[in-house]
Amino acid sequence: MHPLDDPQTYLRLDPQGMADLVARFPAMGADAWEAALRLQPPPGPLSAVVILGMGGSGVGGDLLAALLRPVFPLPVAVIKDSRVPGFVGPQTLVFACSYSGNTEETVNAYKAAKQVGAPAVVITAGGLLRELAARGGDPVVQVPPGIPPRAALPYLFLPMVGALRHLLPRTDLLGEWAEAHAVLEDLGGQLGRDVPADRNAAKQLADRLVGRLPAVYAATSDLAPVAYRWKSQLNENGKVLALWHSFSELNHNESVGWEDRTLAQRVAVVLLREPEEEPELARRIAATREVSFSAAASVSEVIARGKGRLARLLSLVLFGDFVSVYVALLRGVDPTPVPPIDEIKRRLRG
Ligand code: PA5
């Protein structure tokens, strides 16, 4: 029996249930979306939107920026730092996202944003950030406790989409979420732990990645945050190093790194693609496969599902989340704990 089809594998290696948390992504999304619809952006004119957040709490900002970029009338910046850029001021809407509410960079950046008078929404399960928001009268979106931050992505990301919907009157965000939810449920039914490896594309891809250096490449810059999410999930769940990049920028640097054929043989490429692509992009990817990836251990493709941007982004996220957990289990490691993250935070607090 394939190890990922054996219930003992999950009992032995996944006692905190990361595989189940990933499978709950669509249900968490539905829950988070309800809360999102109750959220109103602060009144008054806005000139920019800024999202603060690190690691698992910051990737929602990357996804939001990618989702909004083609349609949103204002600049959107994601800040993974203790400081905020000079343009932040009373007309900048700030989302401060930290699952624990205690992440140093996010707390400091939130304080800096408040000092220059920026209106803010805090998204957190508790900690110092929730206390500061309560003191300053900023709205708090309460994230349920007891979930590793990276597994709580729907709660950290969707409230921001909901809060901005009034600024996007021509985009049917309600329809986009309805489609995304259906796509996620369908995908969850195809990739979950109970679907055997011979019919489960996520388990099959994990088989190809184990023992290799995964390189996750997004076909477009709009999908780049998803490639970054795959890399981060492979790091945190799978406990492996991984590369990520996006077309066409990678053709201007990383393509050359593939000249090292010895290392290239150990790299497993994953291409994240759109269902419909411009012919020029398809030609670019085909040329890169021939010129650069010919020595790779394997080249796999994962195609986004759905018509709307939200479905496409989230379907690729969910696929990668499953793959990262399966990589962990095939490597014989527990996907949930992240001791180096905890240890570095502990040392810095000390
Ligand atoms: O996934 C993780 O545990 C980390 O990437 C955290 O999200 C990161 O360290 C930031 O912590 P928090 O999410 O509590 O702000």
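Modeller: A polar contact is a pair of N or O atoms within 3.5 Å; within protein, one atom must be able to donate a hydrogen and the other to accept it, and residues adjacent in sequence count only if both atoms are side-chain atoms. Here, a polar backbone atom of Tyr99 lies 3.4 Å from an oxygen atom of the ligand. The model is a predicted one, in which local features need pLDDT of at least 70 and side-chain atom pairs count only at pLDDT 80 or more, while totals for chains, interfaces and linings use all residues. Residues are numbered from 1 along each chain as its sequence is written, and side-chain values use heavy atoms, with hydrogens and water left out.

Biologist: Which residues come nearest to the ligand?

Modeller: A residue is near a molecule if one of its heavy atoms lies within 4 Å of it. Of the 13 residues around the ligand, the nearest are Ser57, Ser98, Ser100, Thr103 and Glu236. An N or O atom in the side chain of Thr103 is 2.5 Å from a ligand oxygen atom.

Biologist: How is the protein chain divided into domains?

Modeller: The bounds come from an automatic or database domain assignment. Domain 1 covers 3-14 + 176-330, and domain 2 covers 21-171. Contact means heavy atoms within 4.5 Å, and it takes 23 residues from domain 1 and 21 residues from domain 2. The C-alpha centres of the two domains lie 26 Å apart.

Biologist: What area is buried between domain 1 and domain 2?

Modeller: Buried area is the accessible area (1.4 Å probe) that two parts lose on being put together, summed over both. Between these domains it is about 2,000 Å², and carbon and sulfur atoms give 73% of it. On the side of domain 1, Trp177, Pro225 and Arg229 lose the most area to domain 2, together 27% of what that side buries.

Biologist: How many salt bridges cross the interface?

Modeller: Side chains of opposite charge can pair when their charged atoms come close. The rule asks for a side-chain nitrogen of Lys or Arg within 4 Å of a carboxyl oxygen of Asp or Glu. It finds two salt bridges across the interface of domain 1 and domain 2. There are also six residue pairs in polar contact between the domains, both residues at pLDDT 80 or more. Helices (H or I, at least four residues) and strands (E, at least two) are DSSP runs, numbered from the N terminus. Helix H14 (309-330) gives the largest share of the side of domain 1 that touches domain 2, nine residues.

Biologist: Which residue forms a salt bridge with Glu274?

Modeller: Glu274 meets Arg309, at 3.2 Å from N to O. The two are 35 residues apart: Glu274 is in the loop between strand E8 (267-273) and helix H13 (279-291), whereas Arg309 is in helix H14. Another salt bridge joins Arg69 and Asp222, whose closest N and O atoms are 2.8 Å apart.

Biologist: Which peptide bond is cis?

Modeller: The bond from Phe247 to Ser248 is cis, with omega near 0°. Ser248 belongs to the loop between strand E7 (243-246) and helix H11 (254-257).
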